[in-house]
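Got the model open and wondering how to read it? Let's work through a few questions together.

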Amino acid sequence: MKRNGAIDFWKFVFSVVILCFHSLYFAGEEKYLFADGANMVEFFFLVSGFFMASSVMKHSADGMQEPVWKSTWQFLFHKVKSMCPEYYVAWAVSFVIKQTAGGLLPVHKILKHGAECIWELLFLRMAGFNDYNANGATWYISAMLCAMAVLLPFFYKNKDSFLYLLAPLLGVGITGYLYTASGTLRGNTDWMGLCFRGFLRAAAVLCIGCMCYTACQKLRQARLTRFARALLSVLETGGYLFALFWTYGHGTSRMEFVILLLFAVSVTISFSHQGLLAFAYDNRAVYWLGAFSFPLFLSHHAWSGKMRRMFPGDSYAQLFPKYAALSVATAFVVFFVSAYLRRFYGKHRDALRGLFAV
């Protein structure tokens with residue numbers, strides 16, 4: 001699939017915002033950057049929901065009639081494969097950081113932490129197995145995969161009914177429930193009786209991402225004037241910028257749900273490529289930033305919890321540049337090590353497979 005420059009650009013921007021937001025773990029009583037940066041996760045869920053809908057509907061258009069269970073597991077396998085080896089490289093680096101930064105932990109604690117991470121390695125944190133985790137950012141991936149595992153069988157079974165009826169009902173219904181029950185989308189490990197809030201959050205916003213896909217197909221078919229395309233660009237960019245503005249200066253509130261709505265509109269326009277500025281994003285530099293956003297998202301969380309221990313006398317203003325530099329450097333390590341491993345596997349695939357199967 002051809003990359004979408006606008007989506008890649010904002011993926012990078014919102015990854016940076018999440019990095020800044022997680023500085024709250026060493027801010028103490030001081031004010032930290034992007035007080036409600038957790039809102040940015042909704043953008044990523046919407047994009048994932050859009051791609052899920054696109055993949056399932058392409059599967060339908062191809063006329064493939066595989067069993068629902070097989071299609072579901074193939075989708076999940078390819079989703080996991082697309083995140084590897086970055087996910088596991090970042091996990092290994094984060095585990096080392098957590099056990100050593102600011103002082104080596106006792107061996108028995110390291111072994112205990114390693115055993116407890118089994119659920120994180122299997123993407124099962126948001127299924128209820130939330131013990132010690134080496135990389136706090138992995139909750140998002142776990143929530144996404146667990147929610148997809150529940151939604152996809154219904155989607156593959158009856159594609160149109162899911163896309164035009166069930167997805168809107170679930171998206172609106174679950175977000176409405178969270179709005180009334182807690183007034184927030186945050187609190188990923190808050191137990192809601194049957195599941196974590198993070199799972200409900202993922203399921204709802206993935207469904208709204210499917211709604212974005214439906215709206216995008218209609219928008220792509222429209223023949224728009226230059227003025228209309230300019231208005232779309234204003235709406236698209238304005239939605240993203242308002243989310244940044246509000247997140248920077250305000251704490252958690254029900255405004256999260258308005259930002260989710262604005263994100264849904266902006267994501268739909270970005271994917272339609274109908275905005276007047278759409279082609280300005282389509283270049284190699286932006287595509288690279290989009291690819292780098294995933295290692296950056298995965299590579300900062302372990303540092304945020306260790307800064308006070310590493311530099312106990314520093315203020316937030318002194319700690320933040322060090323935190324940002326360590327996070328970016330770690331992201332580059334994850335990016336390049338993952339690229340090397342991918343090339344190595346591609347070159348020696350047959351030999352490696354021969355170690356395990358005839």
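Q: Does Leu 33 count as buried, partly exposed or exposed, and what is its relative accessibility?
A: Keep in mind that this is a predicted model. Leu 33 sits in the loop between helix H2 (24-27) and helix H3 (41-61). Buried means under 20% and exposed means over 50%, with partly exposed in between. Leu 33 therefore counts as partly exposed, at 24%.

Q: Which residues is Leu 33 in contact with, leaving aside its neighbours within four places in sequence?
A: Start from the loop between H2 and H3, where Leu 33 has its place. Leaving those sequence neighbours aside, the contacts of Leu 33 are Cys 20, Phe 21, Ser 23, Tyr 248, Tyr 316 and Phe 320.

Q: How far apart in space are Leu 33 and Leu 185, C-alpha to C-alpha?
A: Along the sequence, 152 residues separate Leu 33 and Leu 185. Going through space from C-alpha to C-alpha, the distance is 19 Å.

Q: How many residues apart in sequence are the parts that Asp 36 and Arg 186 tie together?
A: Asp 36 and Arg 186 form a salt bridge, with their closest N and O atoms 3.0 Å apart. Asp 36 lies in the loop between H2 and H3, while Arg 186 lies in the loop between helix H9 (159-181) and helix H10 (197-221), so the pair ties together parts of the chain whose separation in sequence is 150 residues.

Q: Where does Arg 308, the salt-bridge partner of Glu 30, lie?
A: The side chains of Glu 30 and Arg 308 meet at 3.7 Å, N to O. This pair links distant parts of the chain, 278 residues apart. Glu 30 is in the loop between H2 and H3, and Arg 308 is in helix H15 (residues 307-310).

Q: How many salt bridges does the structure hold?
A: Side chains of opposite charge can pair when their charged atoms come close. For the structure, the count is nine.

Q: Which residues lining the second largest pocket are closest to its centre?
A: This pocket holds about 460 Å³ of space. Helix H4 (68-82) and H16 each supply at least two residues of its lining. Of the 13 lining residues, the closest to the centre are Lys 81, Cys 84, Pro 85, Arg 342 and Tyr 345.

Q: What is the omega of the peptide bond from Cys 84 to Pro 85 near?
A: Pro 85 is in the loop between H4 and helix H5 (86-100). The peptide bond leading from Cys 84 to Pro 85 is cis, and its omega is near 5°.

Q: What is the phi of Phe 123 near?
A: Phe 123 is in the loop between helix H7 (118-121) and helix H8 (138-157). Phe 123 is buried, with a relative accessible area of 10%. Its phi is positive even though Phe 123 is a residue other than glycine, and the value is near 65°.

Notes: Residues numbered from 1 in each chain as written. Predicted model: local features only at pLDDT ≥ 70, side-chain atom pairs only at ≥ 80, totals over all residues. Heavy atoms only, no water. 1 Å grid on protein atoms, 1.4 Å probe; cavity = no way out; pocket = protein on both sides within 12 Å on 5 of 7 lines; lining within 4 Å. Points joined across faces, edges and corners; volume = space filled by probe spheres on them. Helix = DSSP H or I, 4+ residues; strand = E, 2+ residues; numbered from the N terminus. Buried < 20%, exposed > 50% of the residue type's maximum accessible area, 1.4 Å probe, protein only. Contact = heavy atoms within 4.5 Å. Salt bridge = Lys/Arg side-chain N within 4 Å of Asp/Glu carboxyl O.
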